[in-house]
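Q: Could you walk me through reading a structure like this one, from its contacts to its cores, helices and sheets?

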Amino acid sequence: MAAAAAETRVFLEVRRRLQSALLILGEPKEGGVPLDVSVTPSSLQVKTPTGCTELRLPAEVRLAPSSCHGLRYVAGDGLHLRLQTQADFSPKLVSMFNQSSQAQECCTFYCQSCGEVIIRDRKLLRVLPLPSENWGALVGEWCCHPDPFANKPLHPQENDCFIGDTFVLVNLRSDLWQPRPELVPLETHCLSSENHFQLKPKANTKVICKRCKVMLGETMSSETTKFYMTEIIIQPSERNFPIIPRSRFVQSVIAQCLVELSSARSTFRFTVQGQDGKAYILLWLLNSDSLVIESLGSSKSIKKFPLLEDILEADSGSAWNAVKVLYQPCIKSRNQSLARSWDSDISVHSLTLPSATCLELLLILSRNNASLPPSLRCMNSFQLESKNAPHTFRGNKQGSYIVISLPN
């Protein structure tokens, strides 16, 4: 196989469930030199007179060289071809929140951004999932008598942890250095392992890390606090705080959330909104079985954002498990009509995060989108119609990958 290239970009997406792979060899930027491509079951090798690029595949992935087909040239992108693969399914995703809490060990809650201890040595005896946000509306369909749960909010006891889609609820009564009045609106709280709260009688319920001032959650009542999963790390107390780059952590949490919700509720469209209810991103989950492998040269020309530099620190031939999504931003009054139609659609699920994290996620999606081959960045004719109601992504639909960090 021969083509022209001066500097070759190699991009490989393996679909585990389909047992197939898409290989893209980047379009040459200048001049014309011979390009030889060798495909073996465990590696890809691209040779030019000026050098050689080799991608070694993970042990669980094998290519079938004789199955190469569909060779075509895409302007601005390069050569595309497809291959059959033998790829094991990725390990089942296990949330770090469930992992650390279900063992009934003493756990420590950390601020993910700076490592400040928020709750030290808390033994969680009950770790329970919360019902869906619309559970109250469904009670009438199941009960032949008045709602027995009316006006009974679900608040955890002292050694409980309730897990929602993007947050955990814990009871901080035993962690307070001084009692606080019941059901009194509170000002922003500063949390640390030394003095957990600074109370002032004002109506702001944000929970802020004392060291780095990042919003960690909100107070729900005089004893119950909501912590967002994107802002904290829960570890068994005997373990040290794990240093995880911020962008990688946010991607992992969001990806696991999308995979779990799509599997449990057959929900594939999501609205990412801030704690104030403002929509920031519309997400459409396409698949969750992708393994993305690319050469180091593919990211050299991408502008580095300080938030995302950890993603760029990759070895040649780095591989990531990833979910593939379409997304549309809703900031600066963009896509407002579409956001309103999704808001009234019962098949769309809302994910609530701190507003700053919503902006972080949008930046991550934009950066990941910019690093893709041009043909994978947009879908111009993506339109679906439902018998009940239209739900359309009009205009340029931006595609992106969210990297999943799998547990060891």
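Q: Leaving aside neighbours within four places in sequence, which residues is L283 in contact with?
A: Contact means heavy atoms within 4.5 Å. By that rule L283 touches L258, F268, R269, F270, V272, V325, L326, Y327, W342 and L365, once neighbours within four places in sequence are set aside. Do keep in mind that this is a predicted model, where local features need pLDDT of at least 70, side-chain atom pairs count only at pLDDT 80 or more, and totals for chains, interfaces and linings use all residues. Residues are numbered from 1 along each chain as its sequence is written, and side-chain values use heavy atoms, with hydrogens and water left out.

Q: Which residues of the largest nonpolar core touch the most other members?
A: In soluble globular proteins, nonpolar side chains tend to be buried together. A nonpolar core is a set of buried Ala, Val, Leu, Ile, Met, Phe, Trp, Tyr and Cys residues joined through side-chain atoms within 4.5 Å; buried means under 20% relative accessible area with a 1.4 Å probe, counting protein chains only. Here the largest core has 24 residues, and L258, I281, L283, V325, L365 and I402 touch the most other members. At least two residues each come from α3 (246–265), β18 (269–273), β19 (279–294), β20 (318–329) and α6 (355–370), and α3 gives the largest share, seven residues. Another core, of 22 residues, lies apart from this one and includes I119, V127, L172 and M229.

Q: Why is α3 described as largely enclosed?
A: Helices (H or I, at least four residues) and strands (E, at least two) are DSSP runs, numbered from the N terminus. In α3, 15 of the 20 residues are buried, so the rest of the structure largely encloses this helix. From first C-alpha to last, α3 reaches 28 Å, close to the 28 Å expected at 1.5 Å a residue, where the expected span is 1.5 Å times one less than the number of residues. After α3 comes S266, with a positive phi near 55°.

Q: In what order do the three strands of the open sheet run?
A: Two strands pair if DSSP finds at least two bridges between them. The order is β3-β4-β5, with antiparallel pairing. β3 (36–40) and β5 (51–56) are the edge strands, each pairing on one side only. Six bridges join β4 (residues 43–48) to β5, and S43 has R56 as its bridge partner in β5.

Q: How much of the chain is buried?
A: Of its 408 residues, 48% count as buried.

Terms used. Buried means under 20% relative accessible area, exposed over 50%, partly exposed in between (1.4 Å probe, protein chains only).
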